[in-house]
Amino acid sequence: MKKIKVILVDVISPHKHTSDGLKDLSELQALVKTYGGIDVIRVIQHKTAPDKATFIGSGKVEELLQIVANPQDSRSPEGSVRHVIINSIVQPAQLFELTKKLWSVNSNVQVWDRIDLILNIFEKHAKSAESKLQIEIARMRHMRFRIYGLGGTILSRQAGGIGTRGIGETNIERMRRHFKKQIRRKKDQLEKLVKQRQLQLQRRHEYGIKTISIIGYTNAGKTSLFNLLTGKQGQVRDALFVTLDSATGILTNPQGLRKSEPANPEGYTILVSDTIGFIHNLPPSLIDSFRSTLMESIHADLIVHVVDIADEKMEQKIKTVEEILADLGISGKKQSIVFNKIDKLGGEYYKTSSSLKKQYSFYNPQFISVNNLQGIEELKLNLKRMLKN
Ligand SMILES: Nc1nc2c(ncn2[C@@H]2O[C@H](COP(=O)(O)OP(=O)(O)OP(=O)(O)O)[C@@H](O)[C@H]2O)c(=O)[nH]1
Ligand SMILES: [Mg+2]
């Protein structure tokens, strides 16, 4: 079977080494891998600022044209390129200009930015009615923004031409109104699901149930931990955005407590929830569309932030998660940071963990490995302690 061929493009500072730029592209490459069956060609441009017209400079556009036009290019040995994906949030007019240029040599190519790719992954993985609706809304909002971004430039020029500016503007206005109406309709449908969820959360509260929400960067090991804490079997995979819905389970007892004993001295049930992971460079509207799924986290008594301790970009990813929590208005909640995958550190573990303990002391840092079960029983006890205080 022929693989889909994709070109990943990034513009990086002239001071940055190409090898670092290639490393930065690895997250985009992982996203593309999640999308499925893909062969990747990476193109990096050093440039102080993105090109105003086409995002990448004219020299690089020429290089892309060569690869896209010629399937026999050495970097593209078989099959033609299906997508050009830019590792950034790109202005609508720039995407349009770049697409126009590429279509002059191959009209099957689609030009995406990071948001397009994420939306397409979400669409492919969404299972529940709720996540499907949320993605539809996110996609329409994004399209509306695109059209808005083209307003007064390409679309109005194309549709109206000189002296008849009004026609293009009217078309744009019509499309914008269409999206607005569709978004409203989908939002009403989502609202019904949100109400059901709210009722469920309210009942839990009335029954004295406590809730812990597992959150964190995508691929940190959230579902792996959730499965271990609850005995459930959420899907675990080495890919980004495997989980798109939220799932809930009961926190099982630490070892030494019999099954019949209550999970804690007060005898209340503790629920744990797993949810969609976060990633950097997400527009706020996309996060906002997922408010319904994220409601478990918004209303949780305790937030557990799972971090992949072996990730080179760990600190940057912690910051991204903190920013998103702030956007969701939940950064002030009781929170614990859980460093997972300590099995990957080997001899480095002691040094790394003691410095992280100091750095993140405010968040009661804990260290675990879901793979070899290190620190799990202690984590359960600590979570219960934190819920009580
Ligand atoms: N070495 C090691 N790998 C782990 C550990 N915990 C999880 N993983 C691996 O990390 C990858 C991601 O795990 P998931 O639990 O799916 O991560 P997630 O945070 O739920 O990811 P998304 O739902 O895609 O956001 C899988 O390949 C897991 O097997 C661990 O303690 N050690
Ligand atoms: Mg998951």
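Helices, of at least four residues, and strands, of at least two, are DSSP runs numbered from the N terminus. The model shown in these views is predicted.

**View 1. The shell around ligand 1.** Helix 8 contributes the most residues to this shell, namely 3. The shell comprises 22 residues, of which Gly221, Thr223, Asp238, Thr243 and Gly277 come nearest to ligand 1. By residue class, 10 members of the shell are polar, 6 are nonpolar and 6 are charged.

View 2. The strands are arranged in the order 6-7-5-8-9-10. Strand 6 (247-250) and strand 10 (366-367) each have a single partner strand, so one side of each of these edge strands lacks a neighbour in the sheet. Helix 8 (residues 222-230) lies across strands 5, 6, 7, 8 and 9, and runs at about 155 degrees to strand 7 (270-274).

**View 3. Strand 5 and its two parallel partners.** Strand 5 pairs in the parallel sense with strand 7 over 4 bridges, and Ile212 has Val272 of strand 7 as its bridge partner. Strand 5 also runs parallel to strand 8, to which 5 bridges join it; here Ile215 stands opposite His305.

**View 4. The two covered faces of strand 5.** In a regular strand the side chains alternate between the two faces of the sheet. Lys210, Ile212, Ile214 and Gly216 lie on one side of strand 5, Thr211, Ser213 and Ile215 lie on the other, and all are buried. Because 7 of its 7 residues are buried, strand 5 is largely enclosed by the rest of the structure.

**View 5. The pairing of strand 8 with strand 9.** Strand 8 (residues 302-308) and strand 9 (residues 335-340) run parallel and are joined by 6 bridges. Within this pair, Val304 stands opposite Ser336 of strand 9.

**View 6. Ile368 in the loop between strand 10 and helix 13 (376-388).** Ile368 is buried because 24 other C-beta atoms lie within 10 Å, where 20 or more are required. Beyond four places in sequence, Ile368 touches Val338, Asn340, Ile342, Gln374, Gly375, Ile376 and Leu379. Ile368 and Lys341 are 27 residues apart in sequence, yet their C-alpha atoms are 6.5 Å apart in space.

**View 7. Val84 in the largest nonpolar core.** In soluble globular proteins, nonpolar side chains tend to be buried together. The largest nonpolar core of this model has 79 residues, and Val84 and Ile85 have the most contacts inside it. Leaving aside residues up to four places away in sequence, Val84 touches Ile7, Val9, Leu64, Leu102, Val109 and Val111.

Definitions and conventions: Residues numbered from 1 in each chain as written. Chains lettered and ligands numbered in written order. Predicted model: local features only at pLDDT ≥ 70, side-chain atom pairs only at ≥ 80, totals over all residues. Pairing = 2+ DSSP bridges. Contact = placed C-beta atoms within 7 Å. Axes fitted to C-alpha atoms, helices over the stretch in contact; angles between N-to-C directions. Core = buried A, V, L, I, M, F, W, Y, C linked by C-beta atoms within 7 Å. Buried ≥ 20, exposed ≤ 12 C-beta atoms within 10 Å, placed from the backbone. Near = placed C-beta within 6 Å. Nonpolar A, V, L, I, M, F, W, Y, C, P; charged D, E, K, R; others polar.
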